[in-house]
Amino acid sequence: MQWNDLYVGGVAARLGRREDVREAVADGRYDAEEHEENDYLFVRVEDELTPADMAVEAAREALGRGAVGEGGVGLYLHAASTFQGLDHWTPGSYIQQHTAGGTAPALEVRQACNGAIMALEMAAAYLTAVPGRGAALITTGDRYNAPSYDRYRTDKNILLADGATALVLSREPGVLRLLSTATVGDTSHEALGRGTGGWQGASGDAGWPISLRDRKKEYLIGGGDIQDIIRTMTVRQQEAMQAALDDAGAKVADVARFVFPNIGRSAQDWELRKAAGISEEQTTWAWGREVGHIAAGDQFAGLAHLLESGALRTGDRVAVAGVGSGYNFGWAVLEVAGEPDWSTTAV
């Protein structure tokens, strides 16, 4: 989708403390061979705050960085994958109550690690369709704490990190102009993240920590075709990327920086990116390997990092990518409208 006159007023991240991955290797919590393959330096760990409370902190920062404009916040969207601090509860409304408030609707987006891009696309469509709404506040928040997760072993090639992000999408001129978004769904290999173990009566019935490795093994042993999985993932990501670039009126060579999910080095599509003309230096990997994978938050946190560090200049285009289990493949293309005077406040 091509978007007109929509801007990012503010974007921010609230990350957990740094934990040196080498300490986890020395303690036997993280496999040494996987550490070498995936090349992470640190992972972010939150010891106290719930994901929703982290999202509130990120949202306050984002709201303080950019004008919302007349009409105020007209939509709240919260994307998350993990337990938010309480069963049978609406964290989106909690975030609304503790930030800008008002009478706008608050919704949750459950699209795993593509949640932020899907929420961005939904917010853009909502603001376009309902002119009276001045802005949308999009947040993400996840915490991979025990006993539900083992951040070093739950999944392969990914270290699960704790953090929250927020982005304000507005009609008021802001630091970034949203040019386009694209999301492509393909459920051919939905069971890769579900496995074949059957349904549970309640959370934790199958035992904790959750093992996404085991679910993937079950699917592959049950007949899942690894070559078709790779082909499908590659084709759909390229399809979403091309759609977003076409709608933005851009080519890969026109994009200064790319924000990809913070998965391990061995799982990154380096050869494919190289063939497309994307260098490692254009990506946020150097930063991401010091953060870990914060689910849907990688994209907004990456944007915040690029802006805070002064890596973007007025007129630069930046593209962000997401992949959510199920599977959904999302891209967004933005253009820097003005360089902000922001200091790095994320932990």
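The second largest pocket of this predicted model holds about 520 Å³ of space. A pocket here is an open set of points on a 1 Å grid over the protein atoms alone, where a 1.4 Å probe fits, with protein on both sides within 12 Å along at least five of seven lines; lining residues have an atom within 4 Å of a point. Of the 20 residues in the lining, R194, G198, Q200, A206 and R215 are the closest to the pocket centre. By class, the lining comprises 5 nonpolar, 10 polar and 5 charged residues, with Gly counted as polar.

Local features need pLDDT of at least 70 and side-chain atom pairs pLDDT 80 or more, while totals for chains, interfaces and linings use all residues. Residues are numbered from 1 along each chain, and side-chain values use heavy atoms, without hydrogens or water.

β7 pairs (at least two DSSP bridges) in the antiparallel sense with β1 over 8 bridges, and T165 is the bridge partner of A13. β6 and β7 also pair in the antiparallel sense, over 8 bridges, with D142 opposite G163.

The loop between β6 and β7 contains R151, a buried residue with a relative accessible area of 10%. Its side chain makes polar contacts (N or O pairs within 3.5 Å, one able to donate a hydrogen and the other to accept it) with the backbone oxygens of Y144, at 3.3 Å, and L160, at 2.7 Å.

Terms used:
Helix = DSSP H or I, 4+ residues; strand = E, 2+ residues; numbered from the N terminus. Buried < 20%, exposed > 50% of the residue type's maximum accessible area, 1.4 Å probe, protein only. Points joined across faces, edges and corners; volume = space filled by probe spheres on them.
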